[in-house]
Amino acid sequence: MGPLMLDVSGYELDAEEREIIQHPTVGGIIFFARNYHDRAQLRALVKDIRKTANRPMLIAVDQEGGRVQRFRDEFTLLPPAKAFAAQKEGQTLALQGGWLMAAELLAMDIDLSLAPVLDLGFDCKAIGDRAFSDDPQQVFTYASQFIRGMKEAGMATTGKHFPGHGGVLADSHLETPIDSRDNIKHHDMTVFKQLIDHKLLDAMMPAHVVFDAYDDQPASGSEYWLKKVLRQDLSFKGVIFSDDLNMKGADVMGSYSERAIAAQQAGCDMVMLCNNRQGAIEALDGLPQTQVPQLETLLKRPCGEYSDLIRTERWKSTQATIQRVREDWLSSQG
């Protein structure tokens, strides 16, 4: 599997996308809301991508819940992570939420929801209620249950945004945030460390944040954070994704080709470039034609169709419970 993850423009593949997908450097496709009309259309798109690639291909989406949920109609509407911690039975509900989210995607032949968010606090514009809590131990508690639910369904897990995006107000989609704290390893990063120690994370996505007390590069393009801290100090053995290199937070890394190469050289196994066709082609042309066998560990296990899933008692009861959690959360927010 190749080291580049890209997006597609609509409900169906166009001719250029078919050619791009067949390139050996492409190893993954990530979906957005624009790629979804209904389940039948989505299933056809997934099938076409896999047939066009004619080789293993990671298919991913951000389906965390709350405001970050790409597929809505005909899927369960999920609450944001913060909602679980607000419930009396929050740990059990987090497990159920993780299972439901993963099970619905797997039944559509989608390998990954890039989740969960492990950042602390709610003030950052990019994070908000995507965070479980502002307390490291609480984030670990709820995230570990959400992860266990995902794994019960058969989905690999991706912790983001290493070593922690919650300490800045700026949105890395729009600019390059700088976090000057010198205690992040003993605060925000402890969540990632605990989950690594418990062998609960299969993949990691670093932040487009510069932690200038440690290094002058964003974590997503930093050998210090990825090779020294994550690989050596924390002994993380899983896959490292870059965050989207089209985000403004990655601008300091140069051209699109330079960003992709820098992220790969810093230690990312798979680099992501979305919402910019020309930039994606530049990255495709610039990256060496390498293969990343460990990406295959993230492919989903075989499972039934969505129509089979929604007939099960577990889906019926869990779906009703999670809908109630979401309604309670929306009611509490006024």
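**Figure 1. The largest cavity of the predicted model.** About 90 Å³ of space lies in the largest cavity of this predicted model. The count of cavities of 30 Å³ or more comes to one. Its lining is made up of Glu64, Gly65, Pro80, Ala81, Ala115, Pro116, Val117, Asp129, Arg130, Phe132 and Phe146. By class, seven of these lining residues are nonpolar, one is polar and three are charged. Rolling a probe the size of a water molecule over the atoms shows where empty space is left.

**Figure 2. A cis peptide bond at proline 116.** Two residues of the cavity lining, Ala115 and Pro116, are joined by a cis peptide bond with omega near 5°. Proline 116 is placed in the loop between strand E6 (residues 112-113) and H5.

**Figure 3. The largest pocket.** The space in the largest pocket is about 390 Å³. Its lining has 23 residues, and those nearest the centre are Asp62, Arg70, His173, Asp243 and Met247. Strands E7 and E9 are the elements that give two or more residues to this lining. Sorted by class, the lining of the largest pocket holds ten nonpolar, five polar and eight charged residues.

Figure 4. The peptide bond between lysine 160 and histidine 161 is cis, and its omega is about 10°. Histidine 161 is part of strand E7.

**Figure 5. The second largest pocket.** About 180 Å³ of space lies in the second largest pocket. There are 14 residues in its lining, of which Ala103, Ala153, Cys303, Gly304 and Leu309 lie nearest the centre. Two or more residues come from each of helix H4 (90-106) and helix H10 (306-309). Helix H4 gives the most, with three residues. The lining of the second largest pocket divides into eight nonpolar, three polar and three charged residues.

Figure 6. Methionine 155 is located in the loop between helix H5 (136-153) and E7. Its relative accessibility is 2%, so methionine 155 counts as buried; the cut-off for buried is under 20%. With neighbours within four places in sequence left aside, methionine 155 is in contact with Met101, Ala102, Leu105, Leu106, Ile110, Asp111, Leu112, Ser113 and Met150. Leucine 106, one of these residues, is 49 residues away from methionine 155 in sequence, but the two C-alpha atoms are 7.4 Å apart in space.

**Figure 7. Aspartate 109, a residue with positive phi.** Aspartate 109 is found in the loop between H4 and E6. Its phi is positive, about 65°, although the residue is not a glycine. At 16% relative accessibility, aspartate 109 counts as buried.

**Figure 8. The buried side of helix H7.** Helix H7 spans residues 223-233, and Trp225, Leu226, Val229 and Leu230 in this helix are buried. These residues are on the same side of H7, because they cover an arc of only 120° around the axis. What covers them includes strand E7 (158-162), helix H6 (189-197), strand E8 (203-206), strand E9 (239-244) and helix H8 (256-266).

Figure 9. At the N-terminal end, serine 222 caps H7: one of its side-chain oxygens lies 3.3 Å from the backbone nitrogen of tyrosine 224. Following H7 is serine 235, with a positive phi near 55°. Serine 235 is a residue other than glycine and lies in the loop between H7 and E9. Serine 235 has a relative accessible area of 41% and is therefore partly exposed.

**Figure 10. Histidine 208 and its polar contacts.** Histidine 208 has its place in the loop between E8 and H7. With a relative accessibility of 0%, histidine 208 counts as buried. Its side chain is joined to the side chain of serine 220 by a polar contact of 2.6 Å. A polar atom of the histidine 208 side chain also lies 2.8 Å from the backbone oxygen of aspartate 244.

Note on methods: Residues are numbered from 1 along each chain as its sequence is written. This is a predicted model: local features need pLDDT of at least 70, side-chain atom pairs count only at pLDDT 80 or more; totals for chains, interfaces and linings use all residues. Side-chain values use heavy atoms; hydrogens and water are left out. Buried means under 20% relative accessible area, exposed over 50%, partly exposed in between (1.4 Å probe, protein chains only). Helices (H or I, at least four residues) and strands (E, at least two) are DSSP runs, numbered from the N terminus. The arc is that of the directions from the helix axis to the C-beta atoms. Contact means heavy atoms within 4.5 Å. A polar contact is a pair of N or O atoms within 3.5 Å; within protein, one must be able to donate a hydrogen and the other to accept it, and residues adjacent in sequence count only if both atoms are side-chain atoms. On a 1 Å grid over the protein atoms alone, a cavity is a set of points where a 1.4 Å probe fits but cannot get out, and a pocket is an open set with protein on both sides within 12 Å along at least five of seven lines; lining residues have an atom within 4 Å of a point. Grid points are joined across faces, edges and corners, and a volume is the space filled by probe spheres set on the points. Ala, Val, Leu, Ile, Met, Phe, Trp, Tyr, Cys and Pro count as nonpolar, Asp, Glu, Lys and Arg as charged, and the others, Gly among them, as polar.
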